Amino acid sequence: MIRLENVNKVYRTKTIETTALSNINLFVPKGEFLSIMGPSGCGKSTLLNIIGLLDEATSGTIRIDGNIHSNYNSKAVARFRNAKLGFIFQSFHLIPDLSVIDNVELPLLYRKTSRKERRRLAEEALESVGLKNRMSHFPSQLSGGQKQRVAISRAIIGKPAILLADEPTGNLDSVMGNEVMDILLRLNTEGETTIVMVTHDQNMAQKTHKLMRLYDGSQVA
Amino acid sequence: MFINYLKLAFRVLLRNKFFTAITLFGISFTLAILMLIVSFLETELGDSPPFTNRDRVVIMPMLTMEKQYVDTMYTYDTSYIEMDLVIDTAFTTKKAGKSMSTSSYALDFLEENFSDIPSVENYTFFNPYSRYNAFVNGTKLNLMAAYVDHRFWEVLNFEFIEGQGFGESVYNQQSQVAVITVDLADKYFGRKHNVLGEGITMDSRTYKVIGLIKEPGLSWLLSDIFVPSSVLSSEDRGEESGFGSFMAIYLPPKGVSIDRVKVDIKFIGDQIPMPPESDFNKLIPEYHSYYEYFAQNIFYDEDSSKSLSIMMMILSGIIGLFVLLPTLNLINLNVSRILERSSEIGVRKAFGASRTTIMTQFIFENIVQTLLGGVIGLSIALVLIYLINDSRLLGSVILKANISFFFYSLLVCLLFGVLSGALPAYRMSKIHVVDALKQSRL
């Protein structure tokens, strides 16, 4: 499903060259739940961004669902992200001026989905995270855990094959964190969604199928 | 998708009310000024009454008579041949200048020479304004009278409120009849209607009112009373030389170019013989399209097409400045407003929005904002137009707010919206998704 071969990422300025990722090799089969751990600044988020085609590797090959995207133009990459990938961010990244349901509908705006169908799917996605009664609320009216559940609904509404979660429980207390983690586990087991999650939390990581450790941009386990 | 954008546009506007109020004030004020310019141009250059055929008319306002002076230069070449002084004389001539006289036409001169133009369907000869005083209940009233022929009412399309213009037989009978404007009716009779059959005294003659019209509202047609030119004495019809106070408007049939009319006028002008006793030896009739004539009144140049070009350049410059400066200001405001939303752009891109989609969204939002400003601007412009017309700030020019005015105003709004939104939207659409997401304001 996800295959990375000899992936490197180097940030260059006129005077400094910083290696963010060095020679990363990774294979995540369909339906697997992988967690990535490591200290701050070790390149976890960079790796997740590269897997999610939000950032480009300096060298190496990235195959997602069998496709190599280095030759795709930005429009084709955007289309692919929309169809195959879902994102969950640590700080939720909900749009404050849109209601909960409008936030959830967002990925479908970039597909040819009718307004009626968008509504139906958004309601369904919100119901799956237990937030159907908060559809017309605005993000500022929700708790952290609720915001993250809305973000999960937004990530899964387009039924993506791969979910990429960047510290989804990082901004939540342990109860809320566990709730969110349970939802992710359910999506993985029931929906066979492949999930790659960056986390600092050993307990959360232990609940996943596989753990990858990064240190200073290199794979250590 | 656009409903979503629309909702978002309104929510963004409501989010920072002070910022929105300042932006809307700037937009609406700018657009109100632009709409006033549009209204003025629509009044003077649009296809509204009485000039519903502006594109098709040729105006012949002035006649120039010219005399070319020639300098003769003599060269003396002296030599001695067999002790005799021989003087050879040679001379050359060159143009040394010219004297010219320009004036409007005498009516008889026009009728004699310029009545029969092959490419013309209809025409009118008229004296656009003569000033007279009238007295109403002891109060002096300035009258601007136009002496017109019966064809004047066919070539121009006045909006009659009561009655009508005079026909050929009334004209030929030299009847003392008049068509007056509503404004004059109000000043002279104290009412704006039911004035047909009333008498109006001007220049020791009393004219019977047979028609009541809306003001022409044009800067160059200032008259408020229109009477038959057939009532004029031969002295008032102009001089024998051809000079007088009349002008001509020619209307070719549809499909015939006004350039053909111009060629015909020039041809006729070239054929008119100059009497030997005349101070001049060349006759040059001026002829312009409506727009050239309008430009000629503001920026005079011998070549009226040059006047039009100068006017168009200055006008474009003024409109350009009026659009450009607030646009730059709005671009600046928009950049800071959109920057606040960079993480939203990041999220949208992450979930599949392309650069074009992002640009479309922000330009759409900007157009919504501009249209909102446009509605406020339109209201301000309509109030200003009413106040300007009511106070006669522009003299006889009556600013119009018709369908074309609304159409052009909408066009101005859209142009303003796209111009001020495109650059910030383009910049933000180019922002890298990871960088955008790092601007964590969501």
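Rings of Phe, Tyr and Trp (its six-membered ring) count as a pair if their centres lie within 6.5 Å. By this rule, the predicted model holds 23 aromatic pairs over all chains.

**View 1. A tilted ring pair in chain B.** B:Phe126 and B:Phe152 form an aromatic pair. Their ring centres are 5.1 Å apart, and the planes stand at 55°, a tilted arrangement. B:Phe126 belongs to strand β4 (residues 122–136) of chain B, and B:Phe152 to helix α4 (residues 152–155) of chain B, so the pair ties together parts 26 residues apart in sequence. Both B:Phe126 and B:Phe152 are buried. Ring pairs also join them into a cluster with B:Trp153, B:Phe158, B:Phe160, B:Phe166, B:Tyr171 and B:Phe226.

**View 2. An edge-to-face pair in chain B.** The ring centres of B:Tyr132 and B:Tyr147 lie 6.5 Å apart. The planes meet at 80°, so this pair is edge-to-face. B:Tyr132 sits in strand β4 of chain B and B:Tyr147 in strand β5 (residues 139–148) of chain B. The two are 15 residues apart, and the pair links distant parts of the chain. B:Tyr132 has 18% relative accessibility and counts as buried. B:Tyr147 is buried too, with a relative accessible area of 1%.

**View 3. Helices α3 and α4 of chain A.** Helix α3 (residues 100–109) and helix α4 (residues 115–128) of chain A have axes that come within 9 Å. They cross at roughly 120°. α3(A) and α4(A) are therefore oblique to each other. Their crossing is right-handed. On the α3(A) side, the contact uses A:Val100, A:Ile101, A:Asp102, A:Val104, A:Glu105, A:Leu108 and A:Leu109. On the α4(A) side, it uses A:Arg118, A:Arg119, A:Leu121, A:Ala122, A:Glu123, A:Ala125 and A:Leu126. By class, the contact of α3(A) with α4(A) has 9 nonpolar and 5 charged residues, and no polar ones.

**View 4. Helices α8 and α9 of chain B.** The axes of helix α8 (residues 290–298) and helix α9 (residues 304–339) of chain B come within 8 Å, crossing at roughly 75°. That makes α8(B) roughly perpendicular to α9(B). From α8(B), the contact residues are B:Tyr291, B:Glu292, B:Phe294, B:Ala295, B:Gln296 and B:Ile298. From α9(B), they are B:Ser304, B:Ser305, B:Ser307, B:Leu308 and B:Met311. The contact of α8(B) with α9(B) divides into 6 nonpolar, 4 polar and 1 charged residues.

**View 5. The buried side of helix α2 in chain A.** Helix α2 (residues 74–84) of chain A has these buried residues: A:Ala76, A:Val77, A:Ala78, A:Phe80, A:Arg81 and A:Asn82. Within chain A, the buried residues of α2(A) pack against β4 (59–64), β5 (67–68), β6 (85–88) and α3. They also pack against α10 (342–350) of chain B.

**View 6. A buried glycine in chain A.** A:Gly145 lies in helix α5 (residues 144–156) of chain A. A:Gly145 is buried, with a relative accessible area of 3%. Leaving aside residues up to four places away in sequence, A:Gly145 touches A:Leu172 and A:Met176. A:Glu179 is 34 residues from A:Gly145 in sequence, yet their C-alpha atoms are 8.0 Å apart.

**View 7. Chain B as a whole.** The secondary structure of chain B comes to 13 helices and 14 strands. Of its 442 residues, 48% are buried. Among contacts in chain B between residues at least 6 apart in sequence, 75% join residues at least 24 apart.

Technical notes: Residues numbered from 1 in each chain as written. Chains lettered and ligands numbered in written order. Predicted model: local features only at pLDDT ≥ 70, side-chain atom pairs only at ≥ 80, totals over all residues. Heavy atoms only, no water. Axes fitted to C-alpha atoms, helices over the stretch in contact; angles between N-to-C directions. Helix = DSSP H or I, 4+ residues; strand = E, 2+ residues; numbered from the N terminus. Parallel < 35°, antiparallel > 145°, perpendicular 65-115°, else oblique. Left-handed = near helix turned anticlockwise from the far one by under 90°. Contact = heavy atoms within 4.5 Å. Nonpolar A, V, L, I, M, F, W, Y, C, P; charged D, E, K, R; others polar. Phe/Tyr/Trp six-rings, centres within 6.5 Å; stacked < 30°, edge-to-face > 60°. Buried < 20%, exposed > 50% of the residue type's maximum accessible area, 1.4 Å probe, protein only.
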